[in-house]
Amino acid sequence: MREQAPRVQMRGIHKVYPDGTAALKGVDFHVQTGEIVALLGENGAGKTTLMKVLSGLLRPTRGEIFVDGRPVLFRNPSDALRCGIGMVHQVFTLVPPFTALQNILLGQEGTGALRPLPEASARARVHALLEEVGLEVPLDVPVESLPVGVQQRVEICKTLYRGTSVLILDEPTSALTPVEVDEFFRFLRRLRDRGAAIVLITHKLREVLEVSDRVVVLRQGLVVGELPTSSATAEKLAELMVGQLTALRVHRTPRAPGEPVLSVRGLTVRNDQGRVAVRDLSFDVREGEILGVAGVEGNGQSELVQALTGLRQPESGEVYLEGERVPFVEPLALYRRGLAHVPEDKARFGLALGFDLVENSILGRQREPQFVRRLGRLNRPVILRYAQELVRRFHVVAPDLATPVRSLSGGNQQRLLVGREISKEPRLVVAMHPTRGLDVASTLYIRELLVQMRDAGKAVLLVSADLDEVLELSDRIAVMYAGQFVGLGPADQFRRETVGLLMGGVVPAGDADAARAPSPH
Amino acid sequence: MRTPRALRPLTESLATVALGLVAGGLLIWAFGHSPVAAYRALAVGAFGTREDLLETLAFATPLMLTALTFAVGVRAGLFNIGAEGQMYLGAVGATFVAGMVPMPAGVHLAAATLAGMAAGALWALIPAVLKAWRGAHEVISTIMCNWIALHLSMYLAINFLAEPGRAERTVPALPTARYPVLSEESTLTAVLFVAVGFALVVYAYLWGTRAGYELRLAGENPDAARYAGVRPERVVVLSFVIGGLAAGLAGASQVIGRPPAWSLYATLGNVTTLGFDGIGVALVGRNHPVGGILAAVLFGALAQGGRLMEYEVGVLSELVRALNGIIVFAMAVPELWTLVRRRLAR
């Protein structure tokens, strides 16, 4: 092999977001012509941030980028495109009512706001490109009527048509069926053999092993491993990806769980796109236990939680709270029966950011008799006292109660929300990503609160993409993959590596007792 | 709970009004007039004498109500621009009861007022139902309803409410159904108190009741509202009905609360554009019922003082309308500024 500068090289990349989060802490990365590099890591490891820097979407706080050995500075994605670097995002950037051809040409050099798209002249070129790389795309159909897998091809074609030779793909297979994935990988190999450099952002071990030439593993903004795929094993990658337990420890004493509080039977839920996201799922959460659901995001956790908390209508199945069947999509009825819900996105579901602390303290509780007087008037004094109590008891730091919660830190927002939910005296706590994005102190505090709930005999369903959190807090653990639990058992039966493998969709051999459920395939 | 923060919208609005006046001054200057002289005439015309002040308030009365229509919509996350049509039907409803249904004094005035409000609310129910159960976008449906209301109201005014022998207007309100005139030198009547009272009631409702809380929650964050068990259809209907009541009252106020006509013109000339003007008033009033009252007084002052500005300085009355527009545009400046700052912070 000749000594040659890599096609793209990144050196010492740091990225600190305006809110102070350090997403990248000095990352070196390179990709060669004619190779597929898998960028592996958990949620929040910095994979997408790194590639957004490479594609000109984000500016690094520090660090250098070289293309063919020359230093470059990308001010925007167009700059990166001129160097042949293009990124296909998880969320597509297509205009739904436009045809595939129109979408491919849109925003192209040589087109302008006032000029019509050169559809006729470009059609032949697009055809040639499709033929060359072996993609099949119906050019004259509005993309909104195409299946997601084909929309993705349009998106890729759009990027390639702009002369991209370094193709970055962010979780490209998350929207694809297994058959589509196989076909997609054949396409990637063909593209590589034609001399493209490909970066595949993923958290799926099987895909890494199947299609990549080299693996780079990121964890918490640092490269923790880099190796040729030929010398990688699923176990080795899982270990690199999830790392060791961090120092955040919560004191937890053994406790015998009691009767089931939440019983789920045969629950099937579809996602917004109409795909089955939760498939025929059955489980119990008992009083005095934390059932932790681990898994990479997008495997049906959101849909599961939304169905259980009255935010989404399931396709079929039954849910029982303390033996009584509960109605679907009636959050208030669920709250009355003892549900507390810490939603996955506090700013979206759990809080009204423009409202002050007082008004947020009764969100979801606004109909409880203690807060309402005659004629439906809010009982201001009682609500005010309750808000003060929340702030004091759960250590919410805020200038005063009339502050809009928008201007609180994430940790304080979450303290207010969790405090509100816990002070309902619930029977069941459903918490999703309860510590995401929080500072260390708040994280520890929220985790302690969850354990306190368990110790007080509540049933806690904890769904988290943070493996440390699940391993540390749970009495029992389930791993969710492709809408099902691929493992469910007492926490002490799960080794960290086992969970890592299960999260990646690999059922470890000889671990069948822990991974009781069958493989999803 | 009174903090400087609660007053920030007020100071921001005042600053943008000042900005709008400066920009308007440039426009006046560009047309060859002295901005200083023009604004002096404007201020004198609007607030110079007791009568001027009362006339300013007479202009402000319907505006604070149509502003309320828009504001309640925005608070519920809706873009209700149907005040215009709801106001027409409010005027028709009030005219009918006030002019054609004799009743004892006292009862009659209340009945005519309520008829106007009810007619406005009923008309608002059409886009409300279309939105809540069919998902029709309220901007489209309210615009369509405005046109239907225009022609329906003219039809009703000409064919059923017309005064015999006077084609240009409807029967006047009977004396028992007229709001007392507060001063012989102006057209202000006691309907002002009803308007202000209604705005304050809506304020108390939105910020002091469970239902008002849920309405504002749905507007602030629809997902959080779902989480809190709020039914979106209920919020849509509720906000449209409140808005329709306000717009209906605005229409009624121009028939049974505004001399000298005490009737509805067949062309609807004494009510047209009041609904649309309310949108701008609501924006300047930060979509707050109390802010709407203050902003309505400002716009009333522009309307009243603009007359003297035209008479004394020769500034075209169109320029006064332009001034209204510039002030509304200036409202976008704070928002624009945050946008620019966010952009630079990337």
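User: Helix axes are taken as lines fitted to C-alpha atoms over the stretch in contact, and angles run from 0 to 180 degrees between N-to-C directions. In this predicted model, at what angle do α8(A) and helix α17 of chain A pack, and is that arrangement roughly parallel or roughly perpendicular?
Analyst: Helix α17 comprises residues 496–503 of chain A, and its axis lies 9 Å from that of α8(A). The two helices pack at an angle of about 105°. Because angles of 65 to 115 degrees count as roughly perpendicular, the relation of α8(A) to α17(A) is roughly perpendicular.

User: How do the residues of the contact of α8(A) with α17(A) divide by class?
Analyst: From α8(A), the residues A:Ala234, A:Glu235, A:Ala238, A:Glu239, A:Met241 and A:Val242 meet A:Arg496, A:Glu497, A:Gly500 and A:Leu501 in α17(A). Sorted by class, the residues of this contact are five nonpolar, one polar and four charged.

User: Which strands of chain A does α8(A) lie across?
Analyst: Helix α8(A) covers residues 234–242 and runs at about 30° to β9(A), the strand of residues 214–219. The strands that this helix lies across are β3, β9 and β10 of chain A.

User: Which are the edge strands of the open sheet in chain A?
Analyst: The sheet has six strands with mixed pairing, in the order β6-β7-β8-β3-β9-β10, and its neighbouring strands are turned by 20° against each other on average, direction ignored. An edge strand pairs on one side only, and the two that do so are β6 (85–88) and β10 (222–228) of chain A.

User: Which residue of β8(A) stands opposite A:Ile36?
Analyst: Strand β3 (residues 36–40) and strand β8 (residues 197–202) of chain A pair in the parallel sense over five bridges. Helix α6 (residues 178–193) of chain A lies across both of these strands and β7, running at about 150° to β8(A). Opposite A:Ile36 stands A:Ile198.

User: Which element gives the most residues to the side of chain B that touches chain A?
Analyst: The predictor gives the complex an ipTM of 0.88 and a pTM of 0.78, and the mean pLDDT of chain B is 91, with 96% of its residues at 70 or more. In the contact between the chains, 19 residues of chain B meet 23 residues of chain A. The side belonging to chain B has eight nonpolar, five polar and six charged residues. Two or more of them come from each of α8 (210–220) and α9 (222–227) of chain B, and the element that gives the most, with six residues, is α8(B).

Notes: Residues are numbered from 1 along each chain as its sequence is written. Chains are lettered from A and ligands numbered from 1 in the order in which they are written. This is a predicted model: local features need pLDDT of at least 70, side-chain atom pairs count only at pLDDT 80 or more; totals for chains, interfaces and linings use all residues. pLDDT is the predictor's confidence in each residue, from 0 to 100. Two strands pair if DSSP finds at least two bridges between them. Helices (H or I, at least four residues) and strands (E, at least two) are DSSP runs, numbered from the N terminus. Two residues are in contact if their C-beta atoms, placed from the backbone, lie within 7 Å. Ala, Val, Leu, Ile, Met, Phe, Trp, Tyr, Cys and Pro count as nonpolar, Asp, Glu, Lys and Arg as charged, and the others, Gly among them, as polar. Angles under 35 degrees count as roughly parallel, over 145 as roughly antiparallel, 65 to 115 as roughly perpendicular and the rest as oblique.
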